[in-house]
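Here is a short briefing to read alongside the structure. Have the sequence and the 3D view open, and let's walk through them together.

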Amino acid sequence: MKEKKRMWTILVAAWMVVIFLFSAQPSDESSKESLFVGRMVGQIFVKDFEEWPEEEQEAFAEAINYPVRKTAHATEYAILGILVFMRCRCQDTWSRKRMIATAWGISTAYAATDEFHQIFVPGRAGMVTDVMIDSSGALAGILLAALAGFIIIGRNRRTEYGS
């Protein structure tokens, strides 16, 4: 069990570093990445996007920039929530509710400190709404991991007892 604790702790810390590095990017770099993703979305989901004039492609990418950025926030924190929840599962005596609450608390606290950190990054701002989005993404990831674990454990028990 010690190896699992260590592995999940390292994964949580590594993912927190990844989030920190994304947040440390000045706004112009971050916007370029978001616009790149917006163009990819257009290429994948919009028929004949490649034939559109360059200005229309750019306008499309800019129009979906906000949802792309907020989806990225929720996704990176869903991953953090899953990792923290898996680390909490290594605590043998904890109830599922305690694991979920602790994982969500840690993820939300990290989101708040990350937004505070962004106050010091050129062109960025710490926003309470982003903490809420991050926290919601973390909770979604945690609940998904808890549900998957519940289904897998239930399936294993049925197989074990021949049901």
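R39 is buried, with a relative accessible area of 18%, because a residue under 20% counts as buried. Please keep in mind that this is a predicted model. A search of the whole structure turns up 3 salt bridges, and R39, E54 and E58 are linked in a network of such bridges. The points below begin with that network and then move on to the helices, the loop and the surface.

**The salt-bridge network**

- Side chains of opposite charge can pair when their charged atoms come close.
- The side chains of R39 and E54 meet in a salt bridge, at 2.6 Å from N to O.
- E54 belongs to helix α3 and R39 to helix α2, so this pair ties together parts that are 15 residues apart in sequence.
- R39 also forms a salt bridge with E58, where the closest N and O atoms are 2.7 Å apart.
- Here too the partners sit in two helices, E58 in α3 and R39 in α2, so the pair ties together parts that are 19 residues apart in sequence.
- How accessible are the two glutamates? E54 counts as partly exposed at 48% relative accessibility, and E58 counts as partly exposed at 27%.

- D130 and K70 meet through their side chains in a salt bridge of 2.6 Å, N to O.
- D130 lies in helix α6 (residues 128-160) and K70 in helix α4, so the pair ties together parts that are 60 residues apart in sequence.
- Are these two partners buried or exposed? Both D130 and K70 are buried.

**Around H73**

- H73 has its place in helix α4.
- With a relative accessible area of 10%, H73 is buried.
- Which residues does H73 touch, not counting those up to four places away in sequence? They are E115, Q118, D130, I133 and D134.

**How α2 meets α4**

- The axes of α2 and helix α4 (residues 65-88) come within 9 Å and cross at roughly 105 degrees.
- Angles of 65 to 115 degrees count as roughly perpendicular, and α2 and α4 are therefore roughly perpendicular to each other.
- On the α2 side, the residues that meet α4 are S30, S31, S34, L35 and V37.
- On the α4 side, their counterparts are N65, V68 and R69.

**The nonpolar surface patch**

- F36, V37, M40, I44 and F45 make a nonpolar surface patch of about 530 Å².
- V37 is a member of that patch and is also listed among the α2 residues that meet α4.
- M40, another member of the patch, lies in helix α2 (residues 27-45).
- At 34% relative accessibility, M40 counts as partly exposed.

**The loop between α2 and α3**

- D48 is found in the loop between α2 and α3 (54-63).
- D48 is partly exposed, with a relative accessible area of 44%.
- E51 lies in the loop between α2 and α3 as well.
- E51 is exposed, with a relative accessible area of 61%.

**T108 in α5**

- T108 lies in helix α5 (residues 96-118).
- T108 is partly exposed, with a relative accessible area of 23%.
- Leaving aside neighbours within four places in sequence, T108 is in contact with V131 and S135.
- The C-alpha atoms of T108 and L143 are separated by 14 Å, and these residues are 35 apart along the chain.

Terms used: Residues numbered from 1 in each chain as written. Predicted model: local features only at pLDDT ≥ 70, side-chain atom pairs only at ≥ 80, totals over all residues. Heavy atoms only, no water. Patch = residues over 30% accessible without salt bridge, like charges linked within 9 Å, V, L, I, M, F, W, Y side chains within 5 Å. Areas by Shrake-Rupley, 256 points an atom, 1.4 Å probe, with all protein chains shown as cover. Salt bridge = Lys/Arg side-chain N within 4 Å of Asp/Glu carboxyl O. Helix = DSSP H or I, 4+ residues; strand = E, 2+ residues; numbered from the N terminus. Buried < 20%, exposed > 50% of the residue type's maximum accessible area, 1.4 Å probe, protein only. Axes fitted to C-alpha atoms, helices over the stretch in contact; angles between N-to-C directions. Parallel < 35°, antiparallel > 145°, perpendicular 65-115°, else oblique. Contact = heavy atoms within 4.5 Å.
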